[in-house]
Amino acid sequence: MKTRKNITIVMVAILAITTIPGLMSCKKLLEDKPDSSLSLVTSLKDMQALMDYYPTVNFREAGSGEASSDDYFLTSADWAARTEQERRLYLWEADNIFAPVSNPWRDTFQPVFLANTVLQSLEASSKDALGAGYEDIKGQALFIRAKCYLQAVAIWCLAYDSATAESTLGLPLRLDPDYNTPSVRSSLAQTFVQIENDLLEAARLLPEKPLHVMRGSKGAAYGLLSRLYLYMGRYALAGEYASKGLALNSTLIDYNSLSTTANFPLVQFNPEVIYASHFSTPAQLTQARARISDGLLSLYPIEDLRRSIFFKAGTSASTIFKGSYEGSASLFCGVATDELLLNLAEAKAREGNASEALTWLNNLRIKRIKKANYVPLSGLDASVTLEQVLLERRRELVFRGIRWMDIKRLNKEGRTITLKRTLDGKEYMLAPNDPRFALAIPEDVIRLSGMQQNPR
């Protein structure tokens, strides 16, 4: 009974607050014991219960970057039927793209609050008194906080550039659960250092194999480190941690064994999944609305099984996505072996090691191409190999929360990827490195916190 009461108190706090003091009258809800209530989380069992609260921790990832990407489009009728904020997000408007209070910013920082609650409780306790499991719980909390910050920095901050990161706006780094602490934006450099440190420590503490893939593990931390370093352009480290992750799990599904006609050919928690989570799917990305762009479909040759594993015919001669690793219409955005393999291949190609890059790339392709048509790639130089790797990323990691991050990092190196949408004959564009690639923070958060909004 005490455990249930303790968890309930913390969950009330989660529902009551976001990252800023004052929102939704959180002080009133906890005014009887505003400081001591969180200290009731005193056992590892209670802390694990918080880390296992999957509706908040695993199933409400922010999908705003994916909703802003170029792999889908809306019809004019579907666009007109959405809320004002959803319509504006779709067209990359400069502001008013999130509803107040209930929005992806809140969904991102609620797990951070949970993680900080556990970390503070661990710090206030004796490791010896808590016993076995202390390091695992701490690793899980650090992993969750880093995961949320990595996703947030890709959505609400500009692309990383080591030359300007110290002077570029980063995230408000909430490192304790005290809702009275004002939110202040750090630099982009400080934000990336925090994510890196949390993941490195999590990787040290976490077990190689979790009880379930909805919990963090060494492999999951290695996967996010690889993703982080790839986004930062630190390719040697991206390859190193991808390799470490693959050493723990390198399983790939042979798509030749899947049913191409199934509604959802890929099952939840499949063998490629290292860490399972999915988006709180934006309304724009539901199967009923998101039409796959012809530009994306044209990237899949007829012998590529992903063409029929990932996509199917929708209404009105449209094509919709069905290839989520959630085994449903929900969109997977966790960590999986295919991403790590592609990270490693890209790292090797950028190092000039075309032969090894092609080996890793062919390890993926042989599982994705019809057996009768498979021909391994060979004899390519490093620059051509890199283009092949980037093409495979686009084909493989569709609707996985990766594309927005890839566009930003590739444009930073001069790729000139321009995004375009057309509605009722009018074209809308997002030019490379436009300030709007850092989405506007919800206006109510800015108003109540006093934080600086992203430049427009």
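Tutor: Buried means under 20% relative accessible area, exposed over 50%, and partly exposed in between, with a 1.4 Å probe and protein chains only. This is a predicted model, where local features need pLDDT of at least 70 and side-chain atom pairs count only at pLDDT 80 or more, while totals for chains, interfaces and linings use all residues. Residues are numbered from 1 along each chain as its sequence is written, and side-chain values use heavy atoms, with hydrogens and water left out.

Student: OK, which residues touch the most other members of the largest nonpolar core?

Tutor: Phe 143, Trp 156, Tyr 255, Phe 310 and Phe 311, out of 129 residues in that core. Helix α10 (residues 134-156) gives the most to this core, with 15 residues. Helices (H or I, at least four residues) and strands (E, at least two) are DSSP runs, numbered from the N terminus.

Student: What is Trp 156 in contact with, leaving aside neighbours within four places in sequence?

Tutor: Contact means heavy atoms within 4.5 Å. On that basis the partners of Trp 156 include Phe 98, Trp 105, Arg 185, Ile 441, Pro 442 and Asn 454.

Student: Now the helices. At what angle do α11 and α12 pack?

Tutor: About 155°, with the axes of α11 (residues 188-205) and α12 (residues 218-232) 8 Å apart. That makes α11 roughly antiparallel to α12. Axes are lines fitted to C-alpha atoms, for helices over the stretch in contact, and angles run from 0 to 180 degrees between N-to-C directions. Under 35 degrees counts as roughly parallel, over 145 as roughly antiparallel, 65 to 115 as roughly perpendicular and the rest as oblique.

Student: And how many residues of each class are in the contact of α11 with α12?

Tutor: There are 15 nonpolar, no polar and three charged residues. Ala, Val, Leu, Ile, Met, Phe, Trp, Tyr, Cys and Pro count as nonpolar, Asp, Glu, Lys and Arg as charged, and the others, Gly among them, as polar.

Student: How do the axes of α12 and α13 cross?

Tutor: They cross at roughly 160° and come within 8 Å. That makes α12 roughly antiparallel to α13. Here the contact has 10 nonpolar, three polar and two charged residues.

Student: What about α18 and α19?

Tutor: The axes of α18 (residues 382-396) and α19 (residues 403-412) come within 10 Å, crossing at roughly 155°. The pair is therefore roughly antiparallel. Leu 390, Arg 393 and Arg 394 of α18 meet Arg 403, Asp 406, Arg 409 and Leu 410 of α19. By class, that is two nonpolar, no polar and five charged.

Student: Switching to loops: where is Val 101 found?

Tutor: Val 101 sits in the loop between α7 (84-90) and α8 (104-123). Its phi is near 70°, a positive value in a residue other than glycine. Most residues other than glycine have a negative phi.

Student: Which loop holds Phe 269?

Tutor: The one between α13 (235-248) and β4 (273-275). Phe 269 has a positive phi too, of about 60°. Phe 269 is partly exposed, with a relative accessible area of 33%.

Student: Last one: is Pro 177 buried or exposed?

Tutor: Buried, because its relative accessibility is 2%. Pro 177 lies in the loop between β2 (169-172) and β3 (185-187).

Terms used: Core = buried A, V, L, I, M, F, W, Y, C linked by side-chain atoms within 4.5 Å.
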